[in-house]
Amino acid sequence: AAVVGAALARSLATRVGTLVEGARHIAQGKLDADIEVVSNDELGELAAAFNQMSSDLDRLNLSRRQMTADIAHDLRSPLTVIGGYLEAMRDGVLKPTPERLDTIHSEVQHLHRLVEDLRTLSQADAGELTLNREPVAPLALLDRMVKSYEHLAAQKKVALKVESEPDL
């Protein structure tokens, strides 16, 4: 009985030690930790649950990185338009017209909306978000985008044109 008890205790200690080692890997930021499932008992179920948790953490971490890159890109785009217009006006290449100032203002408004979207994401993350659906006029959105980028496109000798059904 003592020999069987010692062997069983050793087996349990080894499997628990493997779980502890996996937890240490995750604590160190190595989110792809994977533990071999060697049984169908409670420790095997715990190892399988640990592997699922590790996989989910890794996937969520990759999603967070992608979202951060997307946010940086979305913020950079209106800043590029604003900077391009302001630099061209400062250098005397373009004159400040009401239309150009409206475009710059529109891009500033776009930045405000992006910052508000970030605040909304943080509310969603905290579970405090209420949704308010609004209709969108895609053609107006496309026209605004063309106006925003027509100066940059013209510099690269690219013509921007929206072709759409009127009732889009």
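User: Are Glu163 and Lys161 exposed or buried?

Analyst: Glu163 is exposed, and so is Lys161. Bear in mind that this is a predicted model. Glu163 also forms a salt bridge with Lys161. Their closest N and O atoms are 3.6 Å apart.

User: How do I read a salt bridge, and how many salt bridges does the whole structure have?

Analyst: Side chains of opposite charge can pair when their charged atoms come close. A search of the whole structure finds 6 salt bridges. One of them joins Arg59 to Asp56, with the closest N and O atoms 3.6 Å apart. Arg59 and Asp56 both lie in helix H2, 3 residues apart, which is about one turn of the helix. Arg59 is partly exposed, at 47% relative accessible area. Asp56 is partly exposed too, at 27%.

User: How do I read two packed helices, and at what angle do the axes of H1 and H2 cross?

Analyst: Two packed helices are described by the angle between their axes and the distance between the axes. Helix H1 covers residues 2–27 and helix H2 residues 42–90. Their axes come within 11 Å and cross at roughly 10°. H1 and H2 are therefore roughly parallel to each other. The contact includes Leu12, Val16 and Leu19 of H1, and Leu46, Phe50 and Leu57 of H2.

User: Asn51 is in helix H2. Is Asn51 buried or exposed?

Analyst: Buried means under 20% relative accessible area. Asn51 has 14%, so Asn51 counts as buried. Leaving out residues up to four places away in sequence, Asn51 touches Ala33, Asp34, Ile35 and Val37.

User: Which residues make the nonpolar surface patch?

Analyst: Met67, Leu118 and Leu121 make a patch of about 230 Å². Leu118 lies in helix H3.

Methods. Residues are numbered from 1 along each chain as its sequence is written. This is a predicted model: local features need pLDDT of at least 70, side-chain atom pairs count only at pLDDT 80 or more; totals for chains, interfaces and linings use all residues. Side-chain values use heavy atoms; hydrogens and water are left out. Patches are made of residues with over 30% relative accessible area and no salt bridge: like charges are joined within 9 Å, nonpolar side chains (Val, Leu, Ile, Met, Phe, Trp, Tyr) within 5 Å. Accessible areas come from the Shrake-Rupley method with a 1.4 Å probe; for residues, only the protein chains shown count as cover. A salt bridge is a side-chain nitrogen of Lys or Arg within 4 Å of a carboxyl oxygen of Asp or Glu. Helices (H or I, at least four residues) and strands (E, at least two) are DSSP runs, numbered from the N terminus. Axes are lines fitted to C-alpha atoms, for helices over the stretch in contact, and angles run from 0 to 180 degrees between N-to-C directions. Angles under 35 degrees count as roughly parallel, over 145 as roughly antiparallel, 65 to 115 as roughly perpendicular and the rest as oblique. Contact means heavy atoms within 4.5 Å. Buried means under 20% relative accessible area, exposed over 50%, partly exposed in between (1.4 Å probe, protein chains only).
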